[in-house]
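I am opening my notebook on a structure that is new to me. I will look up a few residues and strands, one at a time.

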Amino acid sequence: MANLDNISSISAASQQITSATLGALVNLVGAIDFSNNATLATIVLPASNEVITSFRTQKLTVPFNSVLTTIDVSGLTRLGGIFDVRRNTALSTLLLPTSNEVFTFFFVTFTALTSLNASGLTKLGGNIQITNNTSLTSLTLPVSSQLISFFNVGATALTSLDFSGLTNIGGLGIQIDLNPNLTTIVFPPTFSVDLNVANNAS
């Protein structure tokens, strides 16, 4: 029987798998990569307090993943690094953990999410892009002093956006655009970067 005590990463990129069950891998560390799988409909992840340096389910080329509806990473309490969930167009549920690990890349784009709660990611930083989630009406962001190189929220259904807890935005700046219902924005107390707010509610 295989020893499941020390699995350093899982990579199943560019395959034709339909489901992945990793619940027994409670000591999984490193990278979890299911990118470029258009047919992946189910992922079962373990509860683990080991460091997870990346999690990817992005599908960047046609056909996009239109069958994966739920991603639950709430049991990965040391998730950090790269989090890339792009073009999972049926994704309606995304459950994030409480984690003190540093995030350097956080992409959630082209999903069917109506809500996203990232309040437990206390070291969220790097490149943050939450765009083209056209059904998204609720977004909860954490309090984090981690350096953010770019903050982009666009093409959502949000009526309000509060990112006042992100107190260290630098680099390429802040972009908030193409949110047709957005009437209220709560900014951090101070920032000194380029600000682009355009094509939101009039």
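**Entry: Leu94.** I began with the contacts of Leu94. Leaving out residues up to four places away in sequence, Leu94 touches Ile71, Phe83, Val108, Leu113 and Leu116. I keep in mind that this is a predicted model. I then looked up where Leu94 sits, and found it in strand S8, residues 93-95. Is Leu94 buried or exposed? Its relative accessible area is 7%. The cut-off for buried is under 20%, so Leu94 counts as buried. I also checked one distance. Leu94 and Ser115 lie 21 residues apart in sequence, and their C-alpha atoms are 8.4 Å apart in space.

**Entry: Asn133.** Val108 came up again when I turned to Asn133. This residue belongs to strand S11. Asn133 has 0% relative accessibility, so it counts as buried. What does its side chain reach? I found the backbone oxygen of Val108 at 2.9 Å. The side chain of Asn133 also reaches the backbone oxygen of Thr131, at 3.1 Å.

**Entry: strand S11.** S11 covers residues 126-133. How many of its 8 residues are buried? I noted 7, so I wrote the strand down as mostly covered. Then I looked up its pairing. Strand S9, residues 103-109, pairs with S11 in the parallel sense over 5 bridges. Which residue in S13 is the bridge partner of Ile128? I found Phe151.

**Entry: a surface patch.** Last, I looked for nonpolar residues on the surface. Phe191, Leu195 and Val197 form a nonpolar patch there. Together they have about 230 Å² of accessible area. I followed up one of them, Leu195, and found it in strand S17, residues 195-198. Leu195 has 42% relative accessibility, so it counts as partly exposed.

How values were computed: Residues are numbered from 1 along each chain as its sequence is written. This is a predicted model: local features need pLDDT of at least 70, side-chain atom pairs count only at pLDDT 80 or more; totals for chains, interfaces and linings use all residues. Side-chain values use heavy atoms; hydrogens and water are left out. Buried means under 20% relative accessible area, exposed over 50%, partly exposed in between (1.4 Å probe, protein chains only). Helices (H or I, at least four residues) and strands (E, at least two) are DSSP runs, numbered from the N terminus. Two strands pair if DSSP finds at least two bridges between them. Patches are made of residues with over 30% relative accessible area and no salt bridge: like charges are joined within 9 Å, nonpolar side chains (Val, Leu, Ile, Met, Phe, Trp, Tyr) within 5 Å. Accessible areas come from the Shrake-Rupley method with a 1.4 Å probe; for residues, only the protein chains shown count as cover. A salt bridge is a side-chain nitrogen of Lys or Arg within 4 Å of a carboxyl oxygen of Asp or Glu. A polar contact is a pair of N or O atoms within 3.5 Å; within protein, one must be able to donate a hydrogen and the other to accept it, and residues adjacent in sequence count only if both atoms are side-chain atoms. Contact means heavy atoms within 4.5 Å.
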